[in-house]
Amino acid sequence: DIIQRILEENVTEPSAFQWQSQLKSYWDPTSESCTFRICDAKFDYGFEYLGNGARLVITPLTDRIYVTATQSLHLSMGCAPAGPAGTGKTETTKDLGSALGKPVYVFNCSDQMD
């Protein structure tokens with residue numbers, strides 16, 4: 001799906017946003033480390049093993065959340081997705097954490113909790 005969209009939009013430069021907005025992994029043989037890049041954010045792999053869990057279906061909304069969340073973390077800010085129940089906010093955040101090898105802690109807060 002991602003490759004098809006890149007081809008349909010005639011992306012030919014690595015500086016194109018459609019390419020930059022994809023989460024990509026890179027191996028650095030000199031430091032023997034794995035990093036992930038998306039837009040201008042760069043993250044070291046965290047080696048937090050979370051098991052071989054199910055993966056999400058990638059949608060345009062998933063891509064948008066990945067870019068938004070990684071940019072906020074790159075700027076040393078937190079990420080707290082908000083929106084209607086059942087839209088995949090928690091699962092998308094956990095999936096991003098799993099891809100980066102980082103632990104994700106979920107706190108369900110509500111004004112109805114005592």
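Q: What makes the largest pocket of this predicted model a pocket, and what is its volume?
A: Its volume is about 590 Å³. It is called a pocket because it is an open set of points with protein on both sides, whereas a cavity is a set from which the probe cannot get out.

Q: Which residues lie nearest the centre of the largest pocket?
A: Cys79, Pro81, Thr93, Val104 and Tyr105 do, out of 22 lining residues. A residue counts as lining if it has an atom within 4 Å of a point.

Q: Which elements give two or more residues to the lining of the largest pocket?
A: Helices α3 and α4 (89–100) do. The largest share, six residues, comes from α4.

Q: How do the residues of this lining divide into nonpolar, polar and charged?
A: The lining of the largest pocket has 15 nonpolar, five polar and two charged residues.

Q: What is known of the second largest pocket?
A: It holds about 380 Å³ of space. It is lined by 18 residues, and Leu50, Ala54, Lys94, Asp95 and Ser98 are the closest to its centre. By class, this lining has eight nonpolar, four polar and six charged residues. Lys94 and Asp95 belong to the charged class because Lys and Asp are counted there.

Q: Why is Asp63 called buried?
A: Its relative accessible area is 13%. The cut-off for buried is under 20%, so Asp63 qualifies. This residue is found in helix α3.

Q: What is Asp63 in contact with, leaving aside its neighbours within four places in sequence?
A: Asp63 is in contact with Arg5, Gln22 and Ile58. Contact here means heavy atoms within 4.5 Å.

Q: What share of the protein chain counts as buried?
A: Of its 114 residues, 23% do.

Q: How do you know that β1 and β2 pair?
A: Five bridges join β1 (residues 24–28) to β2 (residues 33–38). Pairing needs at least two bridges, so these strands pair. They run antiparallel. One of the bridges has Asp28 with Ser33 as its partner in β2.

Q: What is found between the strands of the β1 and β2 hairpin?
A: Four residues lie between them. In this hairpin, Glu32 takes a positive phi near 50 degrees.

Q: How do you know that β2 and β3 pair?
A: Four bridges link β2 and β3 in the antiparallel sense. That meets the requirement of at least two, so the strands count as paired. Across this pairing, Phe36 stands opposite Phe43 in β3.

Q: In what order do the three strands form the open sheet, and which are its edge strands?
A: The order is β1-β2-β3, with antiparallel pairing. The edge strands are β1 and β3 (41–44), as each pairs on one side only. Neighbouring strands are turned by 30 degrees against each other on average, direction ignored.

Q: Which helix packs on the sheet, and which strands are touched?
A: Helix α3 (residues 60–74) packs there, touching β2 and β3. Its direction makes about 75 degrees with that of β3.

Q: How many helices and strands are there in the protein chain?
A: There are four helices and three strands. From the N terminus on, they run α-α-β-β-β-α-α.

Q: What share of the contacts with a separation of 6 or more comes from residues 24 or more positions apart?
A: Such residues account for 49% of them. The C-alpha atoms of the chain fill a box of roughly 55 × 35 × 30 Å, taken along the principal axes.

Definitions and conventions:
Residues are numbered from 1 along each chain as its sequence is written. This is a predicted model: local features need pLDDT of at least 70, side-chain atom pairs count only at pLDDT 80 or more; totals for chains, interfaces and linings use all residues. Side-chain values use heavy atoms; hydrogens and water are left out. Axes are lines fitted to C-alpha atoms, for helices over the stretch in contact, and angles run from 0 to 180 degrees between N-to-C directions. On a 1 Å grid over the protein atoms alone, a cavity is a set of points where a 1.4 Å probe fits but cannot get out, and a pocket is an open set with protein on both sides within 12 Å along at least five of seven lines; lining residues have an atom within 4 Å of a point. Grid points are joined across faces, edges and corners, and a volume is the space filled by probe spheres set on the points. Buried means under 20% relative accessible area, exposed over 50%, partly exposed in between (1.4 Å probe, protein chains only).
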